[in-house]
Amino acid sequence: LSDENVKVRTVSALAIGALAEASAPYGGESFENVLSPLWEGLQLHRGKVLSAFIKAASFVLPLLDHSEVDAYARGIMEVCLREFQSTDDEMRRSTLQALRNCISCERADKEYLSASILPPFLQLFWVQRTAIDRRMSQAVAETTVALAGCVGCKEIMATVAKSLKDSNEWCRKMG
């Protein structure tokens with residue numbers, strides 16, 4: 001994770017994420033020694049390397065003890081919030097996956113999600129550009145359902161209802 005070569009760091013992070021996803025819900029103690037390098041990578045990297053680190057950290061998150069989950073989840077969500085505005089579709093899909101993983105942890109903070117995450121999520125992802133890409137629109141729909149399960153449907157339905165009335169067919173299909 002701290003190699004000089006960018007490709008090695010990227011593949012290492014993706015491998016750790018795949019191992020964590022495959023070993024869930026067991027094996028959290030096996031990943032404790034990679035938490036620090038993953039956390040540093042989330043703060044240092046940009047672009048495709050950051051996308052790999054976001055994926056890895058979000059898949060390790062459900063394996064952690066409940067005492068550690070809150071701090072790491074909040075940190076991952078802050079990075080995701082910053083990267084919502086990215087033009088790279090792979091980064092956007094990674095942030096959506098990470099957001100779903102953070103929400104799926106039982107201790108997701110409802111007030112934080114509704115105040116800090118939900119408004120930019122709805123503003124930046126429920127748009128025509130997202131609706132055109134089928135993989136992206138599916139990821140947005142899954143994340144919206146996860147957010148609705150945690151925060152409630154009232155705020156989300158107001159935005160989704162606008163998409164259902166949109167003149168663009170893709171937006172109506174996404175909603």
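**Surface, fold and confidence**

The accessible surface of the protein comes to about 9,300 Å², and carbon and sulfur atoms hold 53% of that area. Areas come from the Shrake-Rupley method with a 1.4 Å probe; for residues, only the protein chains shown count as cover. This is a predicted model, in which local features need pLDDT of at least 70, side-chain atom pairs count only at pLDDT 80 or more, and totals for chains, interfaces and linings use all residues. Residues are numbered from 1 along each chain as its sequence is written, and side-chain values use heavy atoms, with hydrogens and water left out.

**Fold and dimensions**
- The protein has 10 helices and zero strands, where helices (H or I, at least four residues) and strands (E, at least two) are DSSP runs, numbered from the N terminus.
- With a radius of gyration of 16 Å, close to the 16 Å that the globule rule gives for 175 residues, the protein is as compact as a globular protein of that length. The radius is taken over C-alpha atoms, and the rule is 2.2 Å times the number of residues to the power 0.38.
- The C-alpha trace spans about 50 × 35 × 25 Å along its principal axes.

**Packing**
- Of the 175 residues, 45% are buried (under 20% relative accessible area, 1.4 Å probe, protein chains only).
- Among contacts (heavy atoms within 4.5 Å) with a separation of 6 or more, 70% join residues 24 or more positions apart.

**Confidence**
- Mean pLDDT (the predictor's confidence in each residue, from 0 to 100) is 86, and 93% of residues reach 70 or more.
- Confidence is highest in helix α1 (residues 6–23), at a mean of 94, and lowest in helix α10 (residues 169–174), at 63.

Note on methods. Buried < 20%, exposed > 50% of the residue type's maximum accessible area, 1.4 Å probe, protein only.
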